[in-house]
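My entries follow in the order in which I looked things up.

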Amino acid sequence: YRLFDILYNSLPDTHKQILTTQYRMIENIGNLISKVFYRGIIDTGCNDDEKRHGLSRYVGKSIVWFDTSANKKKSQKRTKGGSYINEEEKRIILEILDDLKSTGELKGLDIGIITGYSGQKELLRKSINTLDAFQGRENDIIIYSTVRTRDSIGFQKEKERVNVAFSRAKKLLIVCGDKNFFYNFDDQDNKFVEIIDYISEEEECEIIQCDGGKLFERESNS
């Protein structure tokens, strides 16, 4: 991204143009990306009806944050290789996936799981019976694991990496992590302040509190 920035900034205005209409994402996700990363200049050119996920659990929502702020089990751990893992986020993501599968509503929707930490990636890979979840491509549903709960948000200060991860979601973006830590981390490059403000204010977004217990209770058939 730095090479691109250098090249872009070195060219005269007559030799460059920003594409201002996106067709990949449902409008709510597109608006988040536009507002946080592109000063609000990106419009959505596709029909929202074609981008709705059709999942009853998240009806009317296209951005959901599973917040571990009040969860005593949330803490990050350092791996021997110097990466980070978060066991509680793994548990939450597995429950989200099991719930999605149990509804029978996926109807061919593909799911991608993104985390910037190799330790967390391996932790999730060992627990999920598919490698497709980690392919670097766009997906109908993206689940993003933030991992960090103290000290620093790490590489997630780099807005380009967060932008790329979030903008891969076409129909539903799910974020799992310590919302309060990311919101209060004091760094001028921390775009999560704007991200969380957007999620807190928009109708098609939701914040779900995770206190360490089961997330979803299914009704009995009896």
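I began with the pair H2 and H5, whose axes come within 11 Å and cross at roughly 170°; axes here are lines fitted to C-alpha atoms, for helices over the stretch in contact, and angles run from 0 to 180 degrees between N-to-C directions. Because angles over 145 degrees count as roughly antiparallel, H2 is roughly antiparallel to H5. I then listed the contact, meaning heavy atoms within 4.5 Å: H2 contributes Ile-29, Leu-32, Ile-33 and Phe-37, while H5 contributes Lys-159, Val-162, Asn-163 and Phe-166. Sorted by type, the residues of this contact are six nonpolar, one polar and one charged, where Ala, Val, Leu, Ile, Met, Phe, Trp, Tyr, Cys and Pro count as nonpolar, Asp, Glu, Lys and Arg as charged, and the others, Gly among them, as polar.

I noted that the model is predicted, with local features needing pLDDT of at least 70 and side-chain atom pairs counting only at pLDDT 80 or more, whereas totals for chains, interfaces and linings use all residues. Residues are numbered from 1 along each chain as its sequence is written, and side-chain values use heavy atoms, with hydrogens and water left out.

Which residues of H5 are buried? In this helix, residues 159-166, I found Val-162, Asn-163, Ala-165 and Phe-166 buried, that is, under 20% relative accessible area with a 1.4 Å probe, protein chains only. They cover an arc of only 165° around the axis, which puts them on the same side of H5; the arc is that of the directions from the helix axis to the C-beta atoms. Among the elements that cover them are helix H2 (27-37), strand S8 (169-177) and helix H7 (192-201).

Next I turned to the open sheet, in which five strands pair in parallel in the order S6-S7-S8-S3-S9; two strands pair if DSSP finds at least two bridges between them. Its edge strands are S6 and S9 (205-209), each pairing on one side only. S6 and S7 pair in the parallel sense over five bridges, and Ile-113 stands opposite Ile-143 in S7. H5 packs on the sheet by touching S6, S7 and S8, and its direction makes about 125° with that of S8. H7 also packs on the sheet, where it touches S3 (63-67), S7 and S9, and its direction makes about 110° with that of S3.

Last, I recorded the totals: the protein has seven helices and nine strands, and 48% of its 222 residues count as buried.

Notes:
Buried means under 20% relative accessible area, exposed over 50%, partly exposed in between (1.4 Å probe, protein chains only). Helices (H or I, at least four residues) and strands (E, at least two) are DSSP runs, numbered from the N terminus. Angles under 35 degrees count as roughly parallel, over 145 as roughly antiparallel, 65 to 115 as roughly perpendicular and the rest as oblique.
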